[in-house]
Amino acid sequence: MIIHLAREAGFCFGVERAIDMVQAARDRHPHRPIDILNEIVHNRHVIDDFARQDVQSVHSVEESRDGIFVISAHGVSPEIVKQANGRGLEVLDVTCPLVTKIHRTADRLVRRGYEVLLLGDEGHDEVEGVLGVAPEHIHRIRHPDEAATLPDWDQVALVSQTTQGMSEFDQMERALKQRFPHLEVHNTICHATEQRQEAIAELAALAEAVVVVGSANSANARRLRDIASEMGRPAWLIEDERGLDPAWVAGRAVVGVSAGASTPDKLIRGVLARLEEWGGTLTPLPGQDLGRIRPELALAGPSQQEC
Ligand code: F3S
């Protein structure tokens with residue numbers, strides 16, 4: 001059995017940055033309470049690793065201990081920041097800069113008189129944060145059918161949660177343009193999401209089955225699993241190697257592995273190792289460098305060739 005890893009899988013820069021910032025705060029202040037609003041990133045292992053260092057997840061400003069209050073990579077509404085400042089907490093904002101960009105874009109559009117439609121998942125932290133920028137003028141939308149039910153607004157703009165599917169965004173844009181021909185469009189799906197979606201489409205075209213490593217509440221990981229399913233491949237989303245079932249890969253010649261943007265490399269390695277125990281051989285895609293995951297499979301780079 002050949003195992004392929006998607007060309008883009010695992011931590012994106014926003015997740016890495018958020019984890020590094022919180023870890024740096026813990027290292028600088030080993031005894032100070034540090035609490036994170038909701039989940040720093042949607043991955044159980046990352047949250048548990050921090051909990052072992054007494055970096056806890058809380059669900060509100062009131063629940064937080066006196067100390068450092070962390071705003072997660074998904075961002076929050078300005079109201080939450082105000083509450084935290086009002087309580088005198090030291091706010092550490094690790095919001096991904098690409099999420100902050102959506103807040104700024106939505107705010108600018110509302111100030112120019114637009115009603116802003118946000119393509120996003122109900123209840124997702126990032127979506128709640130963006131809606132909170134201007135609750136009366138930013139509206140969540142999920143299905144193209146909803147376009148027909150919207151009021152007759154004069155100026156309408158479309159933005160997106162960073163981790164939505166590219167094809168869903170295109171469908172939404174088409175539906176809304178029927179209703180609002182002058183729709184202003186800002187595709188704010190982030191580059192990391194786009195790259196991972198393209199990579200899993202490449203993988204699903206080659207593999208007979210696909211495993212995505214990530215937490216069930218990770219929007220981008222779920223989307224990767226869905227893309228593989230929509231391409232007709234059996235696809236599963238698992239937290240780590242313990243979620244694998246030998247029956248999924250039995251008799252398959254090629255199995256693909258991918259991972260969400262908040263999945264640590266050690267979990268990807270664990271899944272690959274389990275599949276290898278079951279007879280798989282990790283094989284690079286053409287031109288793929290697996291060095292980050294498996295140093296022994298690294299392509300020789302220019303500097304190594306020079307040596
Ligand atoms: Fe940022 Fe995109 Fe990652 S918004 S946190 S780079 S998935």
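Me: How many Å apart do the C-alpha centres of domain 1 and domain 3 lie?
Reply: This is a predicted model. The domain assignment gives domain 1 as 2-11 + 192-291 and domain 3 as 98-185. The distance between the C-alpha centres of these two domains is 31 Å.

Me: How many residues of domain 1 are in contact with domain 3?
Reply: Contact here requires C-beta atoms, placed from the backbone, within 7 Å. By that cut-off, 6 residues of domain 3 take part, and the number on the domain 1 side is 7.

Me: Which element supplies the largest share of the side of domain 1 that touches domain 3?
Reply: Two helices, α7 (191-206) and α8 (219-230), each supply at least two residues of that side. The largest share is 4 residues, and the element it comes from is α8.

Me: On the side of domain 1 that touches domain 3, how many residues are polar?
Reply: That side can be split by class. It has 2 nonpolar and 2 charged residues, and the polar count is 3.

Me: Which element gives the largest share of the shell around the ligand?
Reply: Around the ligand there are 15 residues, and Cys12, Gly14, Cys96, Thr162 and Cys190 come nearest. Two or more residues of the shell come from each of α1 (13-28), α4 (97-111) and α7. The largest share is 3 residues, and it comes from α1.

Me: How many charged residues does the shell around the ligand have?
Reply: By class, 10 residues of the shell are nonpolar and 5 are polar. The number of charged residues in the shell is none.

Conventions. Residues numbered from 1 in each chain as written. Predicted model: local features only at pLDDT ≥ 70, side-chain atom pairs only at ≥ 80, totals over all residues. Domains from an automatic or database assignment. Contact = placed C-beta atoms within 7 Å. Nonpolar A, V, L, I, M, F, W, Y, C, P; charged D, E, K, R; others polar. Near = placed C-beta within 6 Å.
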